[in-house]
Amino acid sequence: MGGRRKYGPLGTTLVIIPTYNEAENIKPIVARVRESVPDAHILVADDNSPDGTGKVADELAAEDDHVKVLHRKGKEGLGAAYLAGFRWGIEHGYGVLVEMDADGSHQPEELPRLLTALKGADLVIGSRWVPGGRIVNWPKSREFISRGGSTYSRLLLDVPIRDMTAGYRAFRKETLEGIGMDEVASQGYCFQIDLAWRAVKAGFHVIEVPVTFIERERGESKMSRDIVTEAAWRVMSWGVGSRVNKMLGRKDS
């Protein structure tokens, strides 16, 4: 997907972990990232969690100079947290920005494979729906929503990505700078679809590598019917708009 080109060194990796009420999960996930990719830095982007996640993150940062904390004013959603983390990382000179959930569903032990693939790509997606990818402990209803959402998005937006809603991703800095982050207003499922589509439209080379997604063992999922509904309507709007633009000979905005 996208044109091939010569790629320079990756630079330092920043793993962005958005949190809201993840006090039980943040210590173990940070420890696993540090063990799996010792040279990487971690940014915990906390949305003023009432359970004290931000305080736990501050304690981790005080003990380890590879851990940073971005305190946000309140719960503004996954997309806003990642965008804030991307901007912070770019401002501080990181060459690779990684999306990772705090709940352990994204395995830090698989991150080296994503980073290796990024040496020849602009964006690498940890995919559940390519050969070798799998999920653990999901009910069939959740799998249906995820598979269906990716298929729906892939067909409407005419992109060859199998796992459009995947949240385990590694971006080169230049990719994020080239997709128009300031124009992104979507959240949740829709946020991940939006960024993948923007990368493909911009001509960036996207690779999917298989990963194992494990449902969280502690805490509550942030998934809701509203998030799924927003994604369905936005994707339909984007897909129809893109087709109209093609008919009129205009570029997508």
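## Briefing: the sheet and its aromatic cluster

Strand E2 (residues 41-46) runs parallel to E3, and the two pair over five bridges. This is a predicted model, where local features need pLDDT of at least 70, side-chain atom pairs count only at pLDDT 80 or more, and totals for chains, interfaces and linings use all residues. Numbering starts from 1 along each chain as its sequence is written, and side-chain values use heavy atoms, with hydrogens and water left out. Strands (E, at least two residues) and helices (H or I, at least four) are DSSP runs numbered from the N terminus, and two strands pair if DSSP finds at least two bridges between them.

**The sheet**
- Seven strands make an open sheet with mixed pairing, in the order E3-E2-E1-E4-E7-E5-E8.
- E3 (67-71) and E8 (206-210) sit at the edges with a single partner strand each, so one side of each has no neighbour in the sheet.
- From one strand to the next, the twist averages 20° (axes are lines fitted to C-alpha atoms, for helices over the stretch in contact, with angles from 0 to 180 degrees between N-to-C directions).

**Around E2**
- On the E3 side, Ala45 stands opposite Leu70, and Leu43 has Lys68 as its bridge partner.
- E2 also pairs with E1 in the parallel sense, over six bridges, with Leu14 opposite His41.
- Six of the six E2 residues are buried, so the strand is largely enclosed by the rest of the structure (buried means under 20% relative accessible area, exposed over 50%, partly exposed in between, with a 1.4 Å probe and protein chains only).
- His41, Leu43 and Ala45 cover one side, while Ile42, Val44 and Asp46 are on the other.

**Helices over the sheet**
- Helix H3 (residues 78-91) lies across E1 (13-19), E2, E3, E4 (96-99) and E7 (169-172), at about 150° to E1 (contact means heavy atoms within 4.5 Å).
- Helix H4 (residues 111-118) lies across E1, E4, E5 (123-127), E7 and E8, at about 30° to E7.

**Aromatics**
- There are five aromatic pairs, counting rings of Phe, Tyr and Trp (its six-membered ring) with centres within 6.5 Å; planes under 30 degrees apart are stacked, over 60 edge-to-face and the rest tilted.
- Tyr82 and Phe86 have ring centres 6.0 Å apart and planes at 20°, so they count as stacked.
- Those two are four residues apart in helix H3, about one helical turn.
- Tyr82 is buried at 0% relative accessible area, and Phe86 is buried at 0% too.
- Tyr82, Phe86, Phe171 and Phe191 form one aromatic cluster.
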